[in-house]
Amino acid sequence: MTRGRRDREGVLLVASPGGHLLQMLALEPAWRDRDRVWVTLRSPDVTYLLREERVIYGHGPTHRNVPNFFRNLRAAWRVLRREDPAVIVSTGAGLALPYFVLGKLQRRRLVYVESITRVEKLALTGRLVYPLADSFFVQWSSLERLDRARFHGSVADGSTA
C-alpha cells in the first residue's frame, strides 16, 4: 500500500499474537486479494505465520499499559500516514485501540471482530472500540443483542461469511 492508493482498498490488519492472529488468518478470504500490511507484536508464532507478509511491530505488552498505549499511538500515526489504508481490520487485542482512535479521526473504515472466546460479554478492547467501529462482528449469537453487533458465524466452525 502506498499513499494515494485508497481506491485499491488497502487494508491494515491489526492482531495480537496467539489466538487473535489465528482468528485473523482464518478470515483470509476477506482480505487475501487486497494490498495489506500487518501490525502485531513480536513473537515466534508471528515470525513463522507471517514470514511472507509485510509486518510492522508494535510495542508490548498492551494490556492496560498506558506508556505502551502512547508509544503505539505514535506508531499508529506514522503507519497510517505512510500506508494510507482504506480499511483497518482487527481481531484484538489492546494493539487495536490506538489504530481505531486515529482511524476514526481520519475517517477510515474500521472493522472489528470480537474474539471467539467472548461468549457473554465483550472484552475490554471490544468495549473500547465498539463506539468507533463501522462494523462490529461477534462470533456467538448471544452477543448479537448489542445494537450494532453482527453475527455471521465463527472462525472455529468455518461459517464466517
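This report describes the fold of one protein chain in a predicted model.

## Overall shape

The protein chain holds six helices and seven strands. Along the sequence these elements follow the pattern β-α-α-β-α-β-α-β-α-β-α-β-β. The radius of gyration of the protein chain is 15 Å, close to the 15 Å that the globule rule gives for 161 residues, so the chain is as compact as a globular protein of that length. The C-alpha trace spans about 40 × 35 × 35 Å along its principal axes.

Of the 161 residues in the protein chain, 46% are buried. Among contacts with a separation of 6 or more, 52% are made by residues 24 or more positions apart.

Seven strands form an open sheet in the order 3-2-1-4-5-6-7, and their pairing is parallel. Strand 3 (55-57) and strand 7 (149-151) are the edge strands, each pairing on one side only. On average, neighbouring strands of this sheet are turned by 25 degrees against each other, direction ignored.

Two helices that pack on the sheet can be described by the strands they touch. Helix 4 packs on the sheet and touches strand 1, strand 2, strand 3 and strand 4. The direction of helix 4 makes about 160 degrees with that of strand 3. Helix 5 also packs on the sheet, where it touches strand 1, strand 2, strand 4 and strand 5. The direction of helix 5 makes about 150 degrees with that of strand 5.

## Strand 2 and its neighbours

Strand 2 is mostly covered, with four of its five residues buried. Four bridges join strand 2 to strand 1, and the two run parallel. Within this pairing, L13 has W38 of strand 2 as its bridge partner.

Strand 2 is also joined to strand 3, by three bridges, and these two strands run parallel as well. Here T40 stands opposite Y57 of strand 3. Strand 2, helix 3 (residues 44-49) and strand 3 together make a right-handed β-α-β unit.

## Strand 4 and its neighbours

Strand 4 covers residues 87-92. Six of its six residues are buried, so strand 4 is largely enclosed by the rest of the structure. Strand 1 and strand 4 run parallel and are joined by five bridges. L13 stands opposite V89 in strand 4, and V14 has S90 of strand 4 as its bridge partner.

I88 has L110 of strand 5 as its bridge partner. The chain passes from strand 4 through helix 5 to strand 5, and this β-α-β crossover is right-handed.

## The nonpolar cores

The largest nonpolar core has 28 residues. Those that touch the most other members are L12, V39, I88, Y99, F100 and F136. Several elements each supply at least two residues of this core: strand 1 (11-15), strand 2 (36-40), helix 4 (66-83), helix 5 (96-105), strand 5 (109-113) and strand 6 (135-138). Helix 5 gives the most, with five residues.

## T125 in helix 6

T125 is found in helix 6, which covers residues 124-129. Is T125 buried or exposed? The relative accessible area of T125 is 11%. Buried means under 20% relative accessible area, so T125 counts as buried.

Which residues is T125 in contact with, leaving aside its neighbours within four places in sequence? They are A93, G94, A96 and Y112.

Note on methods
Residues are numbered from 1 along each chain as its sequence is written. This is a predicted model: local features need pLDDT of at least 70, side-chain atom pairs count only at pLDDT 80 or more; totals for chains, interfaces and linings use all residues. Side-chain values use heavy atoms; hydrogens and water are left out. A nonpolar core is a set of buried Ala, Val, Leu, Ile, Met, Phe, Trp, Tyr and Cys residues joined through side-chain atoms within 4.5 Å. Buried means under 20% relative accessible area, exposed over 50%, partly exposed in between (1.4 Å probe, protein chains only). Two strands pair if DSSP finds at least two bridges between them. A crossover is right-handed if, with the strands pointing away from the viewer, the path from the first strand over the helix to the second runs clockwise. Contact means heavy atoms within 4.5 Å. Axes are lines fitted to C-alpha atoms, for helices over the stretch in contact, and angles run from 0 to 180 degrees between N-to-C directions. The radius of gyration is taken over C-alpha atoms; the globule rule is 2.2 Å times the number of residues to the power 0.38.
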